[in-house]
Each structure stands twice: as structure tokens, then as C-alpha cells.
Amino acid sequence: VPRCGRSAGGGGGSAASAHRHSMLRWLALALVPALLLRPGMSLAAIKAALAAPVINDVATDTVEPPAFAGGRLPPLPQVWEGRDEVVWVRRGRGRPRRHPLPVFSQAFVPKIRAAYPDLAPLALALPPDAAFKLVVKTAASAMGGWELGRTDAGAREVEGVATTALLRFKDDLIFRVRAADGGGSIVDGRSRSRLGQGDLGANAARLRAFFKKVAAAAAAAAP
């Protein structure tokens, strides 16, 4: 992503504004863990959340993760500063805002494998089209706070947004169904937080919970 540096902001004032925005961003990141720890969580759950790696994007297929179709960049003249997976975008004279790109960071792969060795694609005995219908139905009806978006039956991909109950944070979701070698289907998922650099394990937990419900629904529908 091209970097547009100070030329888009205008000299020293832009540098001072960038410093203030950076300080506010890091303060917000420091407060997010405390806000996400829910009342009533067990000590074990709190320890597990705090021990989670500092990542905000988790996929069951880290070699070829499902790709979000949305999240396109604004026109490049509006891009104020760019990094690998995040750009800061200034619209007109407004303050720069964080804009996450739909790129999966390969730097997360070893952290995901080390922290979540149990997280894997879900194998179903159903044909791919039937498995995709089950995935969409489960996402639409069995997961509270989820809102589905792009649903592509041809590619067997469905995207959505999960909204957290307490602070109404929005996390992006995508699930993909492919034919498995020898029959049946493979379901992959990806969950990505829009806010913060760490998720306290929420994205991995969300994928686990969803796969558990899909597997249960498939078992219930089996003859």
C-alpha cells in the first residue's frame, strides 16, 4: 500500500495530530482488554483470555484462508499512512481513522498454531452444497448477534458481522465450504476483530462455538 506521509496532512500540524491520534489509539488498546472481560467469568477463563496471543484475525486454514470480498480501500489520495494490514484514512479535513485491510497476516500463523492447536477445518459427510446450506442456516439462526452479508452459493462462501453484547464491537466473519477428497465437505472459517491488536481469544472461541453447532446440526440431520 503506498504511503502518503505528510503530504496528505500538511507539515508539522499533521505530525502533531498524528502523535495525538497515536497516543489515543494506544490508550484505547490498553483499555480494551479490561472492557472485554465479562462479569462472572471464571478465573480460568480470565487467565486463558489474558494469555491469548496479541492477534486480531484467526482462520482455520492459515495456508489459504478465506478472503473477505469487502473492506476495499478508499481512493489512494485519501490514504494518510499505510502499513502491512492497516491504513489510516483521512476523509477531507476529518481525523485519520483506522481502516483494516482484508489481508490475512502471515505473521499470525505461528501464533495461531501455537495458541490454538485444536482449531482446524470442520469435516462433514454432507455434499458441499448441502453443507453450505447448513452453514448459512446455522449462522443465521443459531448464533446470537450475527448479521449475514454476502452469501455466494456458487463459491460457497458467506460473510457476516458479529456484534458483541456489551460494547457493541463489530467483528468480521467469513465461512467457506469446499469439497473434500474422497467425498463430503470441508468447512473453513475466519473471524477478524475491527478494533484492537488483540482479541483475548474471542475470535478462536467464536469459530469453535460455531463449528460445534454446525457439527451438531449435521449429526441431527443425518439419517
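Which residue takes a positive phi in the hairpin of β8 and β9? In this predicted model, the residue is G182, with phi near 85 degrees. The hairpin has 5 residues between its two strands. Strands β8 and β9 run antiparallel and are joined by 9 bridges. Within this pairing, A179 stands opposite S185 in β9.

Strand β1, residues 57-59, pairs with β9 in the antiparallel sense over 3 bridges. Here D57 stands opposite R192. Strand β5 also runs antiparallel to β9, and 3 bridges join the two. Strand β9 is mostly covered, with 8 of its 9 residues buried. In a regular strand, side chains alternate between the two faces of the sheet.

R192 lies over the face of F68, at 4.4 Å from the ring centre. R192 is also one of the residues touched by N203.

N203 belongs to helix α5. Its relative accessible area is 0%, so N203 is buried. The side chain of N203 makes a polar contact with the side chain of D199, at 2.7 Å. Beyond its sequence neighbours up to four places away, N203 touches N56, D57, V58, D171, S191, R192 and S193. D57, in this list, is the residue that stands opposite R192 in β9.

Aromatic rings form another set of contacts. A pair of aromatic rings is described by the distance of the centres and the angle of the planes. A search of the whole structure finds 5 aromatic pairs. One of them joins W146 and F175. This pair is stacked, with 5.9 Å centre to centre and 15 degrees between the planes. W146 lies in strand β6 and F175 in strand β8, residues 170-179, so the pair links distant parts of the chain, 29 residues apart. W146 has a relative accessible area of 14% and is therefore buried. F175 is buried too, because its relative accessible area is 2%.

W146 also pairs with F210. F210 lies in helix α5 and W146 in strand β6, so the pair ties together parts that are 64 residues apart in sequence. Both W146 and F210 are buried. Ring pairs link W146, F175, F210 and F211 into a cluster.

The loops were examined next. Where does R156 lie? R156 is found in the loop between β6 (146-152) and β7 (157-163). Its phi is near 55 degrees, a positive value in a residue other than glycine. Is R156 buried or partly exposed? R156 counts as partly exposed, because its relative accessibility is 22% and buried means under 20%. L200 likewise has a positive phi, near 55 degrees, and is not a glycine. L200 lies in the loop between β9 (185-193) and α5 (202-221).

P127 occupies the loop between β5 (122-124) and α4 (128-141). P127 has a relative accessible area of 49%, so this residue is partly exposed; the exposed class begins over 50%. P127 and S185 are 58 residues apart in sequence. In space, their C-alpha atoms are 5.9 Å apart. S185 is the β9 residue that stands opposite A179.

Notes. Residues numbered from 1 in each chain as written. Predicted model: local features only at pLDDT ≥ 70, side-chain atom pairs only at ≥ 80, totals over all residues. Heavy atoms only, no water. Helix = DSSP H or I, 4+ residues; strand = E, 2+ residues; numbered from the N terminus. Buried < 20%, exposed > 50% of the residue type's maximum accessible area, 1.4 Å probe, protein only. Phe/Tyr/Trp six-rings, centres within 6.5 Å; stacked < 30°, edge-to-face > 60°. Lys NZ or Arg CZ within 6 Å of the ring centre and 35° of its normal. Polar contact = N/O pair within 3.5 Å; in protein donor to acceptor, adjacent residues only side chain to side chain. Contact = heavy atoms within 4.5 Å. Pairing = 2+ DSSP bridges.
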